[in-house]
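Reader: Hi! Could you walk me through this one? I'd like to start with the helices.

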Amino acid sequence: MLGQMQEAAARTKPAPEPTGESVEEEVQSPEPVDLGPSLAEIESLAGQLSAVLGRIENEARDQAMQVTQALAARLFPELSQRFLAAEIAQHLPQLIPASVPSIEIRARQEVLSRLEPFIAHDPSLSERCKMTPVATADEPRVQVSWQTGGVTFDFEGLLAACLSHLDPSHTMIEE
């Protein structure tokens, strides 16, 4: 596009310096002077530039979403494995009513092993919690239940929900 504008500008010829004798001739017969690119050419170039910028913006947005999704999908399982037990232990005292005499926590054995030290250090939980390994080793959720209620920590569901919010196929709300 810049090349087209430069070519149009190059077509512009500077007017020759008038001499005393030729001033009268020029006034009588003015030569058409090329003023550069026409308004239509400028509008066309501006339209092309706008289309290219729009395409680049869309491609950059899509690439940023793909990179974010890839990072989240790769790091989230590692983060949940490392911090899942601490996160659960931090929230259990607020979630479980103090009047509940017995609490059952069902999860994979590796999660229970990480959760056990946190539960042992909390006097409000250590006396009431019973840790039960789940029958299937691939169960991603941690289920906490008591007689009148319960809560499920589903970190794989959380990851799926987070990734769906980043999905470029969702309609974006423009401000």
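Reader: Which residues are buried in α3?
Author: In helix α3 the buried ones are Leu-45, Met-65, Ser-80, Leu-84, Ala-85, Ile-88, Ala-89 and Leu-92. Buried means under 20% relative accessible area, exposed means over 50%, and partly exposed lies in between (1.4 Å probe, protein chains only). Helices (H or I, at least four residues) and strands (E, at least two) are DSSP runs, numbered from the N terminus.

Reader: Thanks! What should I know about where these values come from?
Author: This is a predicted model, where local features need pLDDT of at least 70, side-chain atom pairs count only at pLDDT 80 or more, and totals for chains, interfaces and linings use all residues. Residues are numbered from 1 along each chain as its sequence is written, and side-chain values use heavy atoms, with hydrogens and water left out.

Reader: Back to α3, then. How far apart are its end C-alpha atoms?
Author: They are only 69 Å apart. The helix covers residues 39-95, and its 57 residues would reach 84 Å in a straight helix at 1.5 Å a residue. That expected span is 1.5 Å times one less than the number of residues.

Reader: And where is the kink in α3 centred?
Author: On Phe-83, with a kink of about 55°. The bend at a residue is the angle between axes fitted to the seven residues ending there and the seven starting there.

Reader: Which residues form the nonpolar patch on the surface?
Author: Phe-83 turns up again here, together with Val-67, Leu-71, Leu-75 and Leu-79. Together they have about 450 Å² of accessible area, computed by the Shrake-Rupley method with a 1.4 Å probe, and for residues only the protein chains shown count as cover. Patches take residues with over 30% relative accessible area and no salt bridge, joining like charges within 9 Å and nonpolar side chains (Val, Leu, Ile, Met, Phe, Trp, Tyr) within 5 Å.

Reader: Why does Leu-71 count as partly exposed?
Author: Because its relative accessibility is 48%. Leu-71 sits in helix α3.

Reader: New topic: how many salt bridges does the structure hold?
Author: Four. Each is a side-chain nitrogen of Lys or Arg within 4 Å of a carboxyl oxygen of Asp or Glu. One of them joins Glu-59 to Arg-55, at 3.2 Å from N to O. Both lie in α3, four residues apart, about one turn of the helix.

Reader: Nice. What about Arg-61 and Glu-57?
Author: Their side chains also meet in a salt bridge, at 3.1 Å from N to O. Arg-61 and Glu-57 are about one helical turn apart because they are four residues apart in α3. Arg-61 is partly exposed at 31% relative accessibility, and Glu-57 is partly exposed at 48%.

Reader: Which residue does Arg-106 meet in a salt bridge?
Author: Glu-104, at 3.7 Å from N to O. Thr-132 touches both of those residues, along with Ile-105, Ala-107 and Leu-112, not counting residues up to four places away in sequence. A contact means heavy atoms within 4.5 Å.

Reader: Is Thr-132 buried or exposed?
Author: Buried, because its relative accessibility is 15%. Thr-132 is in strand β2, residues 129-133.

Reader: Last one: how many helices and strands are there?
Author: Six helices and four strands, running α-α-α-β-α-α-β-β-β-α from the N terminus on. Of the chain's 175 residues, 19% are buried.
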